[in-house]
Amino acid sequence: MEATGTDEVEKIKSKFMSAWHNMKYSWVLKTKTYFSRSSPVFLLGKCYHFKTEGEYRALHSFQSSSAGLSTEISGNVEEFRKDFISRIWLTYREEFPQIKGSALTTDCGWGCTLRTGQMLLAQGLMLHFLGRAWVWPEALAMDSCDSESWPSSTVRKLTASFEASLTAERDPRLLARAPARRDWDGTERRNELYHRKIISWFGDSPLAAFGLHQLIEYGKKSGKMAGDWYGPAVVAHILRKAVEEARDPELQGVTVYVAQDCTVYSSDVIDRQCSFVDSGKAGTKAVIILVPVRLGGERTNTDYLEFVKGILSLEYCVGIIGGRPKQSYYFAGFQDDSLIYMDPHYCQSFVDVSIKDFPLESFHCPSPKKMSFKKMDPSCTIGFYCRTVQDFEKASEEITKMLKSSSKEKYPLFTFVKGHSRDYDFASSPLHEENDLFSEDEKKRLKRFSTEEFVLL
């Protein structure tokens, strides 16, 4: 009886905390992010200038001060906004199907690193299926967050009440925001299908390959449960397992490699890229490489700023997850010494992505935020994408140069080593172990990582 009573108390406590977090993270805040017109802005390998419109009409090569790397540069503010809004934004959600083994129907207050990890993986999949040049045609139709500071639940109730009172009239503001019907050509239609498909893989349902429900199931293998705090290193390993276990044929051409103890073993990466595709059919996989690192000891070492900026200016980069203590963000760019990020700490309603033509707006962030690099927590995970073995070799060469030029007297953040790791055998990968998805070595590493990571509120 005592155990039953304790369980009931825990359930009530869980429901109370969920309700509190839903209210806390449901406010639409009126915040503005200011950008300098005299400094370039980098976003996942692209560079933008906000000087007078027309001054940078043509695309040309820009030499990054960080490492002398060629980066694409383009002109005005609207192009940057369109590019930023096109990135997939994944936030706290409420009222989704109950998570197995818990009473939770929301991840408010504890799931932000899982959400930023999803964004990291989503960007890799966008590069794989859509390419870096793709932008969402409806991006500029998105309104900035300039509404009143109401909780989202209040907004929904007011909207529902207003719509119920309408007879023959329609709200012209809502009509203005509705995407216009377009006569798409074959390429546009294909891109829109992949756009929706990628988002659907991250839906909040037990069947979504990279949805919260599935990620939590993989997290259980490392001792994490729904409602626990997850750190960027643990999430990197969870994402790897999720991609390995994905059964959608479209995902068979992608793999994930997680660096071990800040070391990327080149032969292991290439082995994963050249592994068999579709039940023995030979082929080459694209690889998303995730590198858990620390940018210093107790505090972030500002000496690593130039390296982080160099990484974010690379065409291979899919972003960085990390942030402040107790919070995780998805970093996608920078201007001067401030990093540009998307914030998952906003509670939105569950969207059923299995419905045809489900609404896309809540999966795209209308405005960027900025954070000073020195305010970051040291723990983070860096991600980059390579479509081919040649891309990986080129990326590893460029990043190694950056590491050498930025480390000076310091130990580099991570290294590329030729050959295989001695403590991990891909031939006996836990991919084939149904009852134990993490090897003993991985469990030891995850246990160590779990002590240094975020309290996610």
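Author: Buried means under 20% relative accessible area, exposed over 50%, and partly exposed in between, with a 1.4 Å probe and protein chains only. This is a predicted model, where local features need pLDDT of at least 70, side-chain atom pairs count only at pLDDT 80 or more, and totals for chains, interfaces and linings use all residues. Residues are numbered from 1 along each chain as its sequence is written, and side-chain values use heavy atoms, leaving out hydrogens and water.

Reader: Thanks! What makes helix 3 largely enclosed by the rest of the structure?

Author: Of its 18 residues, 18 are buried, so helix 3 is largely enclosed. A helix here is a DSSP run of H or I with at least four residues, a strand is a run of E with at least two, and both are numbered from the N terminus.

Reader: How do you know that the reach of helix 3 is close to the expected one?

Author: The expected span is 1.5 Å times one less than the number of residues. Helix 3, residues 112–129, has 18 residues and reaches 25 Å from first C-alpha to last, close to the expected 26 Å. G131, with a positive phi near 85°, follows helix 3.

Reader: Why is T388 called partly exposed?

Author: Its relative accessibility is 26%, which lies between the 20% and 50% limits, so T388 counts as partly exposed. T388 sits in the loop between strand 14 (379–386) and helix 11 (389–407). Its C-alpha is 7.1 Å from that of T284, although the two are 104 residues apart along the chain.
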